[in-house]
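Please keep the sequence and the coordinates open alongside the text.

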Amino acid sequence: MEQQLQKTPYFAGDAISIADIALYAYTHEANQGGYDLSAYPSVAKWLSRVAGDEGHVPITWLPEASGG
């Protein structure tokens, strides 16, 4: 991951793709599995880019209850 993200901002190039969405799901919670990503600065920047994407929806998001 680190090597690819040193070359391109996203896994498939210059734009976010399904590859980024799939890999983000587990990577952003790697610390919960005991993985320390601090040695991977390109991965950390990528995580921020994906989280900051206008289409990003956090896993904790819930739709508002309808007023019906």
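The side chain of Thr27 reaches the backbone oxygen of Leu23 at 2.6 Å, a polar contact in the sense of a pair of N or O atoms within 3.5 Å, where within protein one must be able to donate a hydrogen and the other to accept it, and where residues adjacent in sequence count only if both atoms are side-chain atoms. This is a predicted model, in which local features need pLDDT of at least 70 and side-chain atom pairs count only at pLDDT 80 or more, while totals for chains, interfaces and linings use all residues. Residues are numbered from 1 along each chain as its sequence is written, and side-chain values use heavy atoms, with hydrogens and water left out.

- Thr27 belongs to helix 2, which covers residues 18-27; helices here are DSSP runs (H or I, at least four residues), numbered from the N terminus.
- With a relative accessible area of 10%, Thr27 is buried, the classes being buried under 20%, exposed over 50% and partly exposed in between, for a 1.4 Å probe and protein chains only.
- Once its neighbours within four places in sequence are left aside, Thr27 is in contact with Met1, Leu37, Val43, Trp46 and Leu47, where contact means heavy atoms within 4.5 Å.
- Leu23 is also placed in helix 2, but Leu23 is partly exposed, with a relative accessible area of 34%.
- Not counting residues up to four places away in sequence, Leu23 touches Met1, Phe11 and Trp46.

**The faces of helix 2**

- The buried residues of helix 2 are Asp20, Tyr24 and Thr27.
- Seen down the axis of helix 2, these buried residues fall within an arc of 75°, so they line one face of the helix; the arc is that of the directions from the helix axis to the C-beta atoms.
- Ile18, Ile21 and Tyr26 are exposed on the other side of helix 2.
- Helix 3 is included in what covers the buried residues of helix 2.

**Aromatic pairs**

- The structure holds two aromatic pairs, counted for rings of Phe, Tyr and Trp (its six-membered ring) whose centres lie within 6.5 Å, with planes under 30 degrees apart taken as stacked, over 60 as edge-to-face and the rest as tilted.
- The rings of Phe11 and Trp46 have centres 5.1 Å apart and planes at 85°, so this pair is edge-to-face.
- Phe11 lies in the loop between helix 1 (2-7) and helix 2, and Trp46 lies in helix 3 (residues 41-52), so the pair ties together parts that are 35 residues apart in sequence.
- The rings of Tyr24 and Trp46 have centres 6.3 Å apart and planes at 70°, so this pair too is edge-to-face.

**Nonpolar core**

- In soluble globular proteins, nonpolar side chains tend to be buried together.
- The largest nonpolar core has eight residues, namely Leu5, Tyr10, Phe11, Tyr24, Val43, Trp46, Leu47 and Val50; such a core is a set of buried Ala, Val, Leu, Ile, Met, Phe, Trp, Tyr and Cys residues joined through side-chain atoms within 4.5 Å.
- Helix 3 supplies the largest share of this core, four residues.
- Leu47 touches Tyr24, Thr27, His28 and Leu37, not counting residues up to four places away in sequence.
- Arg49 lies over the face of Tyr10, at 5.6 Å from the ring centre, the criterion being NZ of Lys or CZ of Arg within 6 Å of the ring centre and within 35 degrees of the ring normal.

**Ser42 in helix 3**

- Ser42 has its place in helix 3 and is buried, with a relative accessible area of 14%.
- The side chain of Ser42 makes a polar contact with the side chain of Glu2 at 3.0 Å.
- Leaving aside neighbours within four places in sequence, Ser42 is in contact with Glu2, Leu5, Gln6 and Arg49.

**Loop residues**

- Gly33, found in the loop between helix 2 and helix 3, is exposed, with a relative accessible area of 55%.
- Ala15 is found in the loop between helix 1 and helix 2, and Ala15 is in contact with Tyr10 and Asp20 when its neighbours within four places in sequence are left aside.

Terms used
Helix = DSSP H or I, 4+ residues; strand = E, 2+ residues; numbered from the N terminus.
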